[in-house]
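Please keep the sequence and the 3D view open while reading.

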2 protein chains.
Amino acid sequence: MTTLADIETPALLLERDVLARNLERMSARLRDLGVALRPHLKTAKSATIAGLATRGHPGGITVSTLNEAAYFAGHGFRDVTYAVGITPDKLERVASLLRDGATVRVLTDDLDVARAIDERGRRLGVVFPALIEIDSGAHRGGLAPEDLLLPEIARTLAAGPGARLDGVLTHAGHAYDCRGADAIRAVAEQERREVVAAAETLRSAGLACPVVSAGSTPTAVHAERLDGVTEMRPGNYMFFDLYQEGLGACRREDVAISVLASVIGRSPRHGRVLIDAGALALSLDCSAARWSERIGYGALLDAAGRALPGVRLARLHQEHGFVEGAETLPMESLKVGTRVRVLPNHACATAAMHARYHVIDDRGEIVDRWERTGGW
Amino acid sequence: MTTLADIETPALLLERDVLARNLERMSARLRDLGVALRPHLKTAKSATIAGLATRGHPGGITVSTLNEAAYFAGHGFRDVTYAVGITPDKLERVASLLRDGATVRVLTDDLDVARAIDERGRRLGVVFPALIEIDSGAHRGGLAPEDLLLPEIARTLAAGPGARLDGVLTHAGHAYDCRGADAIRAVAEQERREVVAAAETLRSAGLACPVVSAGSTPTAVHAERLDGVTEMRPGNYMFFDLYQEGLGACRREDVAISVLASVIGRSPRHGRVLIDAGALALSLDCSAARWSERIGYGALLDAAGRALPGVRLARLHQEHGFVEGAETLPMESLKVGTRVRVLPNHACATAAMHARYHVIDDRGEIVDRWERTGGW
């Protein structure tokens with residue numbers, strides 16, 4: 001039996017049962033709303049987790065890099081949407097995945113790029129399946145549904161033969177600026193309305209639009225109806241984090257990952273303890289400080305997962321975390337070598353700093369080790 | 001000939017000639033000041049760079065993780081100081097490196113740990129070379145030179161036989177709170193004075209103290225004298241960054257790394273361009289915003305390395321960077337697919353997001369690819 005005492009720190013922990021519950025809840029919710037779940041694997045970056053997350057759904061996935069596309073295609077996930085705007089010079093790599101038999105959908109909101117997709121497809125002898133990005137209010141990428149470029153880009157892609165128009169895609173990133181379920185529900189309805197309007201624009205122009213893709217974790221958690229949407233692409237919901245908790249998308253006990261760390265120094269005089277989880281083990285994401293300045297760079301737990309109240313992870317150096325307010329704790333319980341855990345502000349950012357998950361059961365026993373992919 | 005147009009983005013670039021100049025300048029400076037350079041490889045994490053950085057000096061290096069210790073020892077760097085407080089359970093891994101013939105010095109400021117080092121050394125049949133951490137004003141880890149624990153820990157380590165006292169080590173992290181050469185020089189003198197005082201305390205107690213180790217990049221750049229110090233451990237100086245520039249430790253043209261990125265979307269209406277260098281390619285380090293809010297998450301250059309004035313990398317999502325103020329630029333010059341470069345706020349944090357360097361010469365030709373290590 002391997003326990004948390006047996007592994008080196010810092011290490012990324014994943015609670016198997018919490019993950020399973022998060023996956024099942026989202027899967028059931030979207031099934032009930034009548035849409036497919038196309039989980040975004042940018043958070044988990046693990047083929048094992050992709051297998052668990054797609055259960056009971058068609059099996060398509062979403063990725064954020066071409067490295068992920070290649071990794072997941074190599075692990076049997078043959079229906080992939082690359083949900084970041086494509087550049088023409090990345091098409092050659094997509095083409096090689098298409099030739100291997102995978103479907104890798106590319107995304108654009110740019111007429112020049114739409115033309116380049118078709119031109120490269122002809123030249124490379126493939127048909128690039130493409131989606132058009134719609135801005136449903138986040139103002140990151142995408143066209144407004146009423147933008148006159150939308151039908152023009154759509155016709156360019158649909159005309160082929162180097163490209164094929166599969167539909168429209170949006171991401172309501174502005175759901176992350178909400179607070180509370182009601183505000184998120186309003187954004188979810190806006191996301192739905194805008195992307196469905198874009199699909200209708202294409203259909204009115206006589207074009208097929210089989211894919212109407214939406215979704216962020218907050219909107220997938222709180223959407224009340226998804227009429228007209230064909231699939232949702234949440235990713236963070238697998239793990240959740242302190243930011244999602246503050247937003248109102250999960251409860252603290254839904255957070256499935258944490259970083260196991262060791263006390264490496266202590267200064268009773270300064271009421272400070274140093275841990276070996278710094279900026280490289282946690283990332284510098286301090287987004288949840290938006291909800292409470294008490295949060296700092298993560299929430300401290302003991303090794304068993306119980307909160308350590310009154311302390312704050314106030315500062316990070318590369319391999320040092322500064323736990324402050326430790327005078328409220330019995331310093332004797334925080335000897336050098338003591339193990340603690342840190343819940344992340346942002347699971348995507350923290351997980352990305354690690355090459356693997358140490359999978360634990362509800363008694364803290366390590367039951368598996370799952371590798372992650374990374375890079376581009 | 002491979003150029004920047006031939007590689008996939010995002011990618012970490014390293015300018016060979018700038019690196020060489022930075023290495024030579026620091027090497028000569030410390031030689032002139034009569035101390036050894038024990039470069040900190042936490043920034044570069046590359047055996048190739050370690051080889052270049054130790055030229056003309058004894059060859060010892062500094063690391064921030066045991067993974068780095070093992071990686072560099074495996075590449076022939078047999079004199080290693082692990083400059084982060086050790087925990088007893090990490091000693092077994094250190095012992096295996098010692099048995100392989102490497103010298104790996106451990107660091108502590110804790111009496112219980114000092115006892116554990118000796119006890120584990122006896123049990124494992126090795127002698128752990130140890131340094132005592134001194135707080136020269138940064139208040140991260142370490143004992144004040146006058147702390148009564150200092151001679152007690154020193155005697156525990158010196159008594160052996162499982163441990164050996166090699167000396168004292170400090171890091172003037174508070175140099176990073178300075179601005180300008182004069183302020184840094186004052187901290188450098190404080191760092192020197194405090195660590196030398198600690199060495200004198202040990203010598204007065206009849207203990208040998210061969211190693212008197214100090215150094216951060218700013219203090220190594222600006223120290224006027226280093227009497228009594230035997231070695232300096234700067235690391236960031238190999239690459240420098242926007243934070244070091246603001247601090248007054250380098251000029252903009254000394255920054256040796258950047259992230260090559262592609263424009264992946266543009267919105268003339270919002271004066272915004274999206275690039276494919278987001279939080280995972282750049283890190284979320286925004287430290288240089290301390291010097292100027294204009295800096296954002298990095299400084300934008302064109303692919304040739306010329307500044308793109310008037311724009312700001314205002315926001316990062318996982319794989320998206322938001323370049324704002326782009327209405328001041330000819331949008332035609334920023335088509336989707338256009339290559340740009342981003343100078344990092346903090347080179348250690350940005351480099352850590354990448355598995356390799358694309359090494360370029362002064363014409364932007366890619367002349368080599370150097371792998372990096374990572375993890376713990």
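Copies are superposed here by least squares on the C-alpha atoms of residues with pLDDT of at least 70 in both. Two copies of a chain are related by a rotation about an axis and a shift along it. Chain B is superposed on chain A by a rotation of 180° with 0.0 Å of shift along the axis, at an RMSD of 0.0 Å. That is the relation of a two-fold axis. Leu284(B) has the C-alpha of chain B nearest the axis, at 2.8 Å. Both copies use the same surface, and 100% of the contact residues of chain B recur in chain A.

This is a predicted model, in which local features need pLDDT of at least 70 and side-chain atom pairs count only at pLDDT 80 or more, while totals for chains, interfaces and linings use all residues. Residues are numbered from 1 along each chain as its sequence is written, chains are lettered from A and ligands numbered from 1 in the order in which they are written, and side-chain values use heavy atoms, with hydrogens and water left out.

Next comes the interface. Contact means heavy atoms within 4.5 Å, and 49 residues of chain B are in contact with 49 residues of chain A. The buried area, that is, the accessible area (1.4 Å probe) that two parts lose on being put together, summed over both, is about 4,200 Å² between chain B and chain A, with carbon and sulfur atoms giving 54%. Arg140(B), Gln318(B) and Trp376(B) supply 19% of the area that chain B buries against chain A, more than any other three residues.

A salt bridge is a side-chain nitrogen of Lys or Arg within 4 Å of a carboxyl oxygen of Asp or Glu. Between chain B and chain A there are eight salt bridges. One of them joins Asp89(B) to Arg339(A), with the closest N and O atoms 2.4 Å apart. Helices (H or I, at least four residues) and strands (E, at least two) are DSSP runs, numbered from the N terminus. The elements of chain B that each supply at least two residues of the side touching chain A include strand E5 (79-85), helix H5 (111-124) and strand E11 (257-267). E11(B) gives the most to that side, with four residues.

Two loop residues can be examined individually. Buried means under 20% relative accessible area, exposed over 50%, and partly exposed in between (1.4 Å probe, protein chains only). Gln318(A) lies in the loop between strand E14 (312-316) and strand E15 (321-324) of chain A, and is buried at 9%. Not counting residues up to four places away in sequence, Gln318(A) touches residues of both chains, among them Leu280(A), Lys42(B) and Cys348(B).

Thr9(B) is found in the loop between strand E1 (2-3) and strand E2 (11-15) of chain B, and is buried too, with a relative accessible area of 5%. A polar contact is a pair of N or O atoms within 3.5 Å; within protein, one must be able to donate a hydrogen and the other to accept it, and residues adjacent in sequence count only if both atoms are side-chain atoms. The side chain of Thr9(B) makes such contacts with the side chains of Ser262(B), at 2.7 Å, and Asp276(B), at 2.6 Å.

Within helix H5 of chain B, Glu119(B) and Arg123(B) are four residues apart, so about one helical turn separates them. Their side chains meet in a salt bridge (3.0 Å, N to O). Glu119(B) is partly exposed at 36%, whereas Arg123(B) is exposed at 56%.
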